[in-house]
Amino acid sequence: MTTKRRKFTLRVPATSANIGPGFDVVGLSLSLYLTLTVSFTIPTSESPEETYAHPKITYTGEGSDTVPLDPFKNLLTRVALYALRCHDISSFPSSLVIHAHNDIPFGRGLGSSGAAVIAGVLLGNELGSLKLSNDRMLDFALMVERHPDNVTAALFGGFVGSYLRELPPEEAIRANVPLSEVLPEYPPDAGPEWGKEAPLPPDGIGSWVQFGWAKEIKAVALVPRFELSTAKAREVLPTSYTRKDLVFNLQRLAVLTTALAQSPPNPALIYEAMKDRVHQPYRAPLIPGLSQITSTLTQTSHPGLLGICLSGAGPTILALATGNFNKIAEDAIDIFKKQGVECDWMLLDVENHGATVTEDAF
């Protein structure tokens, strides 16, 4: 008798949230990826009795010197185990081998944690043959990553808008259980009954829509060589806003979601529509050079430039453009240098397909 194995590749894109005025609302999927190559034993009635082989993880690329390789401490495998536990599967399949290669910088505002969460949900779906719909997988992701902008863009691809539904009281309680209950620490003495009471997410936690995107528009990602945690970037935000500032953002977001789909794009319209008063002014002190870049580089000074914004919580700055990419990047990097900040840059496409799973042959 022979043991049957399965092998597949899972790929999740980087994302940029907010895109100027769309704070916690819009996300953009980008052509930078977290890729998992996965193989495991498929139990069958004809399989010989074997000793259970524990999972093995290898990791290369961004974060390879800090990411835990213990499957019960690694974020993406903990999320996968959460999805499995919700379906009465308390352990990984035998002889699970995962190689992760990550091109998404950590702590830079490019959705590295959102990509890991989506990878974990998709991994659990494949390992357990759960056959979850994409919308249901979003529910599982939102139990871990409580803001929908990054995970929605990573899962579905393209330029998306999303929101959290107002749930009935009993479902709202389920959707907001502490993260420590969703991803509990795995105890050393865990037995087969461990994890059978995982908090199942309610249906339809989040809703989303995919906007159009003009094929001419690319993203120049300016990535400073320092990390900025989302928690720290949220701490500086005010607890309330003036009506004037909220209307300012709402007006621009209403225009931006249509303007970025028009071909050819209108630089003057988009540049103004990408301005923000809700988060970028408050985060500027955390990112030396941000204010100078957003005020100095314009659609008139740099033909081809459409608009500039902070990517997520930062410190990455995203410049949307149709050309003149090198000049835009070089001038922004010069401003960073004057502030004592080293910076790299990448030219990225919008990833329209989102997360994918591809079967591989042995």
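Student: What makes aspartate 88 exposed or buried?

Tutor: Aspartate 88 has a relative accessible area of 57%. Exposed means over 50%, buried under 20%, and partly exposed in between, with a 1.4 Å probe and protein chains only. Aspartate 88 is therefore exposed. This residue lies in the loop between α1 and β4 (97-102), and has a positive phi of about 60° although it is not a glycine.

Student: On what basis are these values given?

Tutor: This is a predicted model, in which local features need pLDDT of at least 70 and side-chain atom pairs count only at pLDDT 80 or more, whereas totals for chains, interfaces and linings use all residues. Residues are numbered from 1 along each chain as its sequence is written, and side-chain values use heavy atoms, with hydrogens and water left out.

Student: Why is isoleucine 19 called buried?

Tutor: The relative accessibility of isoleucine 19 is 0%, so this residue counts as buried. Isoleucine 19 is located in the loop between β1 (4-17) and β2 (26-42); its phi is positive, about 50°, although it is not a glycine. Contact means heavy atoms within 4.5 Å. Leaving aside neighbours within four places in sequence, isoleucine 19 has contacts that include Phe159, Met274 and Leu320.

Student: What makes a group of residues a nonpolar core, and which residues have the most contacts inside the largest one?

Tutor: A nonpolar core is a set of buried Ala, Val, Leu, Ile, Met, Phe, Trp, Tyr and Cys residues joined through side-chain atoms within 4.5 Å. The largest such core has 81 residues, and Ile19 and Leu320 have the most contacts inside it. Helix α2 (residues 112-127) supplies the largest share of this core, nine residues. A second, separate core of 26 residues includes Ala332 and Cys343.

Student: How do you know that the span of helix α12 agrees with its length?

Tutor: Helices (H or I, at least four residues) and strands (E, at least two) are DSSP runs, numbered from the N terminus. The expected span of a helix is 1.5 Å times one less than its number of residues. For the 14 residues of α12 (residues 325-338) this gives 20 Å, and the end C-alpha atoms are 20 Å apart, so the two values agree. The buried residues of α12 pack against elements including α11 (290-296) and β10 (343-348).

Student: What makes the protein chain as compact as a globular protein of its length?

Tutor: The protein chain has twelve helices and eleven strands. Its radius of gyration is 22 Å, close to the 21 Å that the globule rule gives for 362 residues, so the chain is as compact as a globular protein of that length. The radius is taken over C-alpha atoms, and the rule is 2.2 Å times the number of residues to the power 0.38. Buried residues make up 53% of the 362 residues.
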